[in-house]
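The following note sets out points for a colleague who wishes to read the model with its numbers at hand. Please consult the structure alongside each point.

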Amino acid sequence: MTDPIKAHGKEANETDEAIGRERTAWERIDAIETDESKAYFSRELLIWYDRSKRDLPWRRHRDPYFIWVSEIMLQQTRVDTVIPYFHRFIERFPTIRELAEAPQEDVVKMWEGLGYYSRARNLQAAAQQIVELHDGQMPSEREHVFALKGVGPYTAGAILSIAFNRPEPAVDGNVMRVLSRYFLIEDDIAKPKTRIGMEKIIPGLIPEGRASDFNQALMELGALICTPKSPHCLICPVMEHCRGRIEGMERDLPVKTKAKKPRPEQRLAVLLEGAGEREGRVLVRRRPRTGLLAGMWELPHIAADSAPEAQDLGLEVGQLEELLEDLGLSWSPMSPYMTAEHTFSHIHWTMRVLTAREQPEVLAQLAAESGVPYEVAVPEAAAEALEADEAGTGAEVEWRWIAEADMREIAFPNLFLNILNRYFGEAKQS
Ligand code: SF4
């Protein structure tokens, strides 16, 4: 049997002389002309995949909707985390039409805890496009799939290849890692042109009629064997001809420039406990409909300048108090409750949380003394109040007093979910 790497090396050297310079990785890969060398990788990969593939819920059917939902969920998220979310989501929205017609709050609620919530909103917007333009059926034409909201080259390639068996590339981080190592590509995978180069290699590697399995096999190899820090080369189905391994560079590849560190931001939040009719509830507000964590619920909080270790928060506490005063509330002195951290793609929040207890009787007393009837501006659970949002855009802000049971209905980002779960858990025990 011809050794593809030796054959490849010979060809490359000959042509190197002809072109009078060293080849780029892409020219070198293009120069692998023999069927054997191209077939080796694909053949061994597919034999391994047929034997070792994981039984994942979205692999049990080739339903394009299931594949689409799973691929969106799997972005930035591990398979083990995604599986229960996938089951819940499909149970609640079994078809594209049902997803399109659901209230957006329900869709975000089903996504709660997965993060990157714009994925959920885009998924629903694309479902609405599919209902409007394709009678609720996932289109199989390239341009129609690419036109869906939130669907980039990777997701489009995954839908077209996995669901419709089209020989389209689906290049994510796992795939780039495998190809960088196997073909010894030292280009920076953070650069779009490297991904585009890899997209061009893949169709030539896909065996006739096996696009669905091939792309999944490539992703699976990256997830299970050719892992980021410790590739398991000794049990790898393509180890014999992997150039990265042969050159001893498997741990140095892929080359990737580091993303910028998330910007640190200090925040100060208040967990205000209700009293009287609102006993057992806490005050939350809804974020604006656009921007970070759009439309999700949270504790009231403000930007704080003081470093996390600072003890004197006088200025910031004053700003928080103003926020509550504008709602016509009165409360007991605030005291520290906990500090929580959360990293979004570009911001890292350190959030100090204070607790306080509502004291409606103080305002009622003042009102009685002045003869003006006392009214609480902040509404009960279902009503809404208007307030300028923190960014000063004048957008409406909804406020609610919520009990623990309300957390099943409305969606919170993980950071606030953890704080509130801890608070309600402790409240039950006390
Ligand atoms: S031999 Fe090692 S580096 Fe090469 S593809 Fe397999 S696991 Fe990755």
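1. α11 (173-182) and helix α12 (residues 192-201) pack at an angle of about 75°, and their axes lie 11 Å apart. α11 is therefore roughly perpendicular to α12, a term that covers angles of 65 to 115 degrees, while angles under 35 count as roughly parallel, over 145 as roughly antiparallel and the rest as oblique. Val175, Met176 and Leu179 of α11 make the contact with Arg195, Met198 and Ile201 of α12; two residues are in contact if their C-beta atoms, placed from the backbone, lie within 7 Å. By class, the residues of this contact are five nonpolar, no polar and one charged. Here Ala, Val, Leu, Ile, Met, Phe, Trp, Tyr, Cys and Pro count as nonpolar, Asp, Glu, Lys and Arg as charged, and the others, Gly among them, as polar.

2. The model is predicted: local features need pLDDT of at least 70, side-chain atom pairs count only at pLDDT 80 or more, and totals for chains, interfaces and linings use all residues. Residues are numbered from 1 along each chain as its sequence is written. Helices (H or I, at least four residues) and strands (E, at least two) are DSSP runs, numbered from the N terminus. Axes are lines fitted to C-alpha atoms, for helices over the stretch in contact, and angles run from 0 to 180 degrees between N-to-C directions.

3. How many residues of α11 are buried? Eight of its ten residues are buried, and α11 is mostly covered; a residue is buried if 20 or more other C-beta atoms lie within 10 Å of its own, exposed if 12 or fewer, and partly exposed in between, with C-beta atoms placed from the backbone. Among the buried residues of α11 are Arg177, Arg181 and Tyr182. Leu184, which follows α11, has a positive phi near 55°.

4. The ligand is surrounded by 15 residues, of which the closest are Cys226, Cys233, Cys236, Cys242 and Glu250; a residue is near a molecule if its C-beta atom, placed from the backbone, lies within 6 Å of it. α11 and α14 (243-246) each supply at least two residues of this shell. The largest share, three residues, comes from α11. By class, the shell holds ten nonpolar, two polar and three charged residues.

5. Leu234 lies in the loop between α13 (211-224) and α14. Leu234 counts as exposed because it has 8 C-beta neighbours inside 10 Å. Leu234 and Arg245 are eleven residues apart in sequence, and their C-alpha atoms are 9.9 Å apart in space.

6. Helix α10 (residues 153-163) packs against α13 at an angle of about 130°, with the axes 6 Å apart. α10 is therefore oblique to α13. Ala158, Ser161 and Ile162 in α10 meet Ala211, Ser212, Asn215 and Gln216 in α13. This contact has three nonpolar, four polar and no charged residues.

7. Strand β2 (residues 282-286) is largely enclosed by the rest of the structure, because five of its five residues are buried. Val282, Val284 and Arg286 lie on one side and Leu283 and Arg285 on the other, so that both faces are covered. β2 pairs with strand β7 (residues 399-402) in the antiparallel sense over four bridges; two strands pair if DSSP finds at least two bridges between them. Val284 stands opposite Arg400 in β7. β2 and strand β3 (residues 297-298) run antiparallel and are joined by two bridges, with Arg286 opposite Trp297 in β3.
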